[in-house]
Amino acid sequence: MLNILFIGLSLSSILLLIALGLAITYGAMGVINMAHGEMVMVGAYVAVLSGIWLDANLLVAIPLAFVVTALLGLAIERVVVRKLYGRMLDTLLATWGVALLIQQAVRLEFGLSFFGVHVEGLGPGLQHVTTPAFLQGTFRLAGVELNAYRTFIILVTAVLATATWWLVYRTAAGMQVRAIIRNPNMAAASGIDVKRVNSMTFAFGSGLAGIAGVLISGIRTVFPDMGPPLVVDGFMVVVTGGVGSLYGTLLSSALLGEINALVAIGTNDILARAVMFAVVILVILIKPNGLFSFKER
Amino acid sequence: MVLKRRDFLKRSAIASAAMAFPTLTRHSFASEPIKVGALYSQTGGLSVAEKLLANGVLMAISEINATGGVLGRPVEVVVEDGASDPRTFSEKASKLVMRDRVSTVFGCHTSASRKAVLPIFERRDAMLFYQTHYEGFECSRNVIYSGAVPNQQLANYIPWIVEKLGKKKFFIVGSNYVYPREMAKVSKMLIEQAGAEWVADDYLELGHSEWSVTVNKIKESGADVVLSNVVGDSVISFYREYINQGMSHETVPICATVTSEIEIAAMGAEYAVGSYTSFPYFMSIDTPDNTSFIERFRAFVNDPRAVTYHSLEAAYFQVFLWKQAVEKMNDLSASAIREGVRGQSFQAPGGLVTIDADNLHCWLTPRIGRWGSNGQSEVVDAYPAPIKPLPYSAYGETEQSLFCTPAGLDSSRLSG
């Protein structure tokens, strides 16, 4: 039983990893960022490329991926998203377009393949990342055999979630973000530089996605199309948890991950996914704003 | 990653330039090129695998042209892109057969795309040469199946696992579509015949990459061997999760039917060391024919690290079977090719192959490979000679009682 709970926890932590960045951008800014999955993909490719070109292991790739995807997020915010605040459906379309562009850029090696230049690690093929030796295999804890890499993911996710919570609830910048979540116009009137805070928030959310990508690259295949299914999972968690609520995101990812594991052990993965979506639909029917949304004033 | 992206346009331009040369100097009708089609995904999710197959076909044709073509005429390939989409495959097949008027198309990779183009080939009476190992359960007068059918991958495999590896409890795992489920059907028959049992079978969505639960189930099932019919990129995350959860191919090996040199290269060979695959062809087959084939293929795709595998070999040799059929009949029509290709043999890179006179499938030699740390297999067991393809073995077809006959499918046997 502990075994199943552990698997559920590891599924939850992957959901949370992806949803954390989304919860911030969608919750704080009302931007449906369809390119979030591609940020994860870029993070995964940073891990692949740093393995090939820098001979660096996964741990080095984590800060690297954060920086790369945060900068990419900043650029996207400046060029595309900034013009579309308050137009939620337009951001959906625009960021979806951005997602396609990023996918193609990786697939075509930033266009270099047209000139016959091949960047090892990019391209349409499947890539893999070698996990460091101490993260391979299993170890025993309290009589349960635990998968070392999955434990590592859970720990990193816990650290990231705590850091995010601290930033949002314990710093001045976080207070500005929370003010913008509640009422952007009032926040602006109180002297908060909404544009600047928004672009920083977007960059931070993207950076989290990059870290998620590095961690996922250790257990899954890395390829240009890996993004879209991830973003679906992310939105599922955010919507169930309640937009703009970090606690909600945390709890809904735990809930959905454990449901997935329990149903999958009893039956199979295909049914587990169906049940998970059924639960999401049920939650939205009963509490349209998610489990932990703000009370509107 | 060993797969290298090929600039397809560039190469086909070179190919057509090479082919245009004879046409510039042609003097008589006899040297007019023979047109054939090549229908593979050049774009989309399946393009990684299908471009390699297209390369196999194009390489065979360029070799044929270099040695004087077919019936003294050069062969011209019309390349079409199926775009990883069965409907596009069907449209492009119509285009090839009706507008380009080719009587033969080499192509398709998935069963879905083959099923989508089948009506066109049957209605217009054209021939499709199909190289991928597939689930059987098909009997068309318009398709030459040059890849393995289930009995050619499993007939020796299951008894070998039971007797030589001493395994008694199978856990069958596959992707959730027709091929793995048909393979599982044959496997279960053979497992019971061999005096072993299967403890469970589990299927995951195509492209699924979260294996924690399934590997945990395998762990707790008490199975001592895993039979894997998982396809595509899922294979990679499966093998990695398997090792990461502390499983070992030494004690509970994964025995696969799809995992080839391609997937092994993509997952990292260390995750597959000690696991097995059953295929009629392996890159490691140590014959002068195969060594030369690998060298020529690497030169052709301009990638010194390119790998070869079963479907690629079949994509290559099926073109020569077509050539022999055309030359035997001295006729390009589909009916002539169908007649001429029956019983036709060819010394392929992996050994002798023959098209069966009854069911148009290919006689192949079942082999079992054990994967090593260099990403290559060691052939640990092989039949002494090619065996007869039985596309309906899951439904009880045997050599003595054929379901797929020269007159087409004997459907009375299926219902009975």
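This is a predicted model: local features need pLDDT of at least 70, side-chain atom pairs count only at pLDDT 80 or more; totals for chains, interfaces and linings use all residues.
Reader: Hi! Where does UniProt place the "transmembrane region" feature in chain A?

Author: Hello! The unreviewed UniProt entry puts that feature at residues 51-76, 88-106, 148-168, 202-223, 235-258 and 270-287 of chain A.

Reader: Nice. How much helix is in residues 51-76 of chain A, and how far apart are the end C-alpha atoms?

Author: Residues 51-76 of chain A are 85% helix and 0% strand, and their end C-alpha atoms lie 26 Å apart.

Reader: And what about residues 202-223 of chain A?

Author: That span is 73% helix and 0% strand, with 24 Å between its end C-alpha atoms.

Reader: On to packing. What describes two packed helices?

Author: The angle between their axes and the distance between the axes.

Reader: Then what are those values for helix 2 and helix 8 of chain A?

Author: Helix 2 (residues 36-53) and helix 8 (residues 194-217) of chain A have axes that come within 6 Å and cross at roughly 55 degrees. That angle makes helix 2 of chain A oblique to helix 8 of chain A. The crossing of the pair is right-handed.

Reader: Which residues make the contact?

Author: From helix 2 of chain A, they are H36(A), M39(A), V40(A), G43(A), A44(A) and A47(A). Helix 8 of chain A brings residues including G205(A), A209(A), G213(A) and I216(A). By class, the contact of helix 2 with helix 8 of chain A has eight nonpolar, seven polar and no charged residues.

Reader: How does helix 3 of chain A cross helix 8 of chain A?

Author: Helix 3 (residues 58-79) of chain A and helix 8 of chain A have axes that come within 7 Å, crossing at roughly 145 degrees. Helix 3 passes helix 8 of chain A in a right-handed crossing. Their contact counts 15 nonpolar, eight polar and two charged residues.

Reader: Switching to chain B: what is the strand order in the open sheet of three strands?

Author: The order is 11-12-13 in chain B, with antiparallel pairing. Strand 11 (345-348) and strand 13 (362-363) of chain B are at the edges with a single partner strand each, so one side of each has no neighbour in the sheet.

Reader: How many bridges join strand 12 to strand 13 of chain B?

Author: Two bridges join strand 12 (residues 351-355) of chain B to strand 13 of chain B. T354(B) stands opposite W363(B) of strand 13 of chain B.

Reader: Last one! Which strands does helix 12 of chain B lie across?

Author: Helix 12 (residues 310-329) of chain B lies across strand 11, strand 12 and strand 13 of chain B. Helix 12 runs at about 145 degrees to strand 11 of chain B.

Terms used: Residues are numbered from 1 along each chain as its sequence is written. Chains are lettered from A and ligands numbered from 1 in the order in which they are written. Side-chain values use heavy atoms; hydrogens and water are left out. UniProt positions are given in the numbering used here, feature names are shortened, and annotations may be inferred rather than shown by experiment. Helices (H or I, at least four residues) and strands (E, at least two) are DSSP runs, numbered from the N terminus. Axes are lines fitted to C-alpha atoms, for helices over the stretch in contact, and angles run from 0 to 180 degrees between N-to-C directions. Angles under 35 degrees count as roughly parallel, over 145 as roughly antiparallel, 65 to 115 as roughly perpendicular and the rest as oblique. A crossing is left-handed if the near helix is turned anticlockwise from the far one by less than a right angle, and right-handed if clockwise. Contact means heavy atoms within 4.5 Å. Ala, Val, Leu, Ile, Met, Phe, Trp, Tyr, Cys and Pro count as nonpolar, Asp, Glu, Lys and Arg as charged, and the others, Gly among them, as polar. Two strands pair if DSSP finds at least two bridges between them.
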